[in-house]
Amino acid sequence: MEDNETGFNLETPKVGIIRGVLAKDIEIVGEKVVNLRICARPYRNTYSVAQLRTIKDVIEKYGSGKVHMSPRHNLEVPEVKQKELDNALKDLYIAGLFPGGAGTSVRNIFTCPDWCSKSLRPVQEIGMMVSTNFGDKDMHNKVTISFAGCYNSCSRPHNSDIGIIAIGRVEELPGKKCPEDCLDCIKSCSFEAIEKVDGDIRINEKCIYCCKCVEACGHNKLKVTETGFKVLIGGREGSKVVFGTTYADFVNEFEVLEIVDRALSNYESKARLKPGDRKKKERLGDVANRLGLESFMT
Ligand code: SF4
Ligand code: SF4
Ligand code: SF4
């Protein structure tokens, strides 16, 4: 397809082949329609005002006036008239928007917003780096990658194929003793990781580095001495929910990139067909479980 006025070129995609054009056989009041799942590339979960205006125009011109925000922050426009699909895609492409977020590939990289007051370390830039390098890459099965700025895990890193969480190491500041009756940090810790011994605080091996105790201490006795990322591998959601297993703690942004690269390459080379399936291969977590995490990552 070529637009003579703008010189815009686009290889016309076929409905049902391009990712993000879903449910091609729906018919509404005699008109064939598709549901169009849209994402920005590199993948991200923020859209500019100009992009939102374009989406609004596409909904009004070709859709049915509705839009849905998917759990991985894709925008899904239902009931786009099939005969207008090329025009809708062209309008979207010009605004840096594409059909996507479906199929056997690396799905939309899901990150927390950096402006969240709970964030221990920014995750949007590293999410963008991962997206630029691996977003939309063809895979044996879908692969989800999520980044959380703290252990609240709003972006669901625990049940993503690769989940990354910002964590912090907490230490007690030397000096004055804690007030005798104060147990605020102990009460704030859901992991029984803090003990009080002779008026001093001891953090034990059950600590998962969430830093909630620092916020709870009103006496400035605790501080975060180091931040980094925890990397979980092998989680999944859906009908069979699995939590990922910790592969690394306190790694930095470059190490995260290296681990993601290695996990995806190993998945590519080590996956087998799903039992009883002639086409689809195992999910990343199935391969990691079958081989054991260490040997999967080697
Ligand atoms: S996981 Fe933490 S940083 Fe991210 S949105 Fe939730 S509370 Fe904020
Ligand atoms: S960082 Fe979290 S897990 Fe560790 S002691 Fe503090 S509240 Fe408990
Ligand atoms: S570290 Fe803070 S919250 Fe915990 S007992 Fe001491 S003063 Fe209280």
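Student: Which residue just after H2 takes a positive phi?
Tutor: Gly 96 does, with a phi of about 75°. This is a predicted model, where local features need pLDDT of at least 70, side-chain atom pairs count only at pLDDT 80 or more, and totals for chains, interfaces and linings use all residues. Residues are numbered from 1 along each chain as its sequence is written, chains are lettered from A and ligands numbered from 1 in the order in which they are written, and side-chain values use heavy atoms, with hydrogens and water left out.

Student: And which residues of H2 are buried?
Tutor: In helix H2 (residues 85-94), they are Leu 85, Ala 88, Leu 89, Lys 90 and Leu 92. Buried means under 20% relative accessible area, with a 1.4 Å probe and protein chains only.

Student: How many helices and strands are in the chain?
Tutor: Eight helices and 14 strands. Both are DSSP runs numbered from the N terminus: helices are H or I with at least four residues, strands are E with at least two.

Student: What share of the chain is buried?
Tutor: Buried residues are 46% of the 298 residues.

Student: Where is Asn 108?
Tutor: Asn 108 is in the loop between strand E7 (97-99) and strand E8 (110-111).

Student: Buried or exposed?
Tutor: Asn 108 is buried, and its relative accessible area is 0%.

Student: What does Asn 108 touch?
Tutor: Leaving out residues up to four places away in sequence, Asn 108 touches Tyr 43, Arg 44, Arg 72, His 73, Asn 74 and Ile 145. Contact means heavy atoms within 4.5 Å. As for Arg 72, its backbone oxygen lies 2.7 Å from a polar atom of the Asn 108 side chain.

Student: New topic: where does ligand 3 sit?
Tutor: Ligand 3 sits in the largest cavity. A cavity is a set of points, on a 1 Å grid over the protein atoms alone, where a 1.4 Å probe fits but cannot get out. To sit there, a molecule needs more than half of its atoms within 2 Å of the grid points.

Student: And ligand 2? Which cavity is that in?
Tutor: Ligand 2 is in the second largest cavity. Among the residues around ligand 2 are Val 170, Phe 191 and Tyr 209, each with a heavy atom within 4 Å of the ligand.

Student: What classes make up the shell around ligand 2?
Tutor: The shell has 11 nonpolar, no polar and no charged residues. Ala, Val, Leu, Ile, Met, Phe, Trp, Tyr, Cys and Pro count as nonpolar, Asp, Glu, Lys and Arg as charged, and the others, Gly among them, as polar.

Student: How about the shell around ligand 1? What classes has that?
Tutor: Four nonpolar, four polar and one charged.

Technical notes. Buried means under 20% relative accessible area, exposed over 50%, partly exposed in between (1.4 Å probe, protein chains only). A polar contact is a pair of N or O atoms within 3.5 Å; within protein, one must be able to donate a hydrogen and the other to accept it, and residues adjacent in sequence count only if both atoms are side-chain atoms. On a 1 Å grid over the protein atoms alone, a cavity is a set of points where a 1.4 Å probe fits but cannot get out, and a pocket is an open set with protein on both sides within 12 Å along at least five of seven lines; lining residues have an atom within 4 Å of a point.
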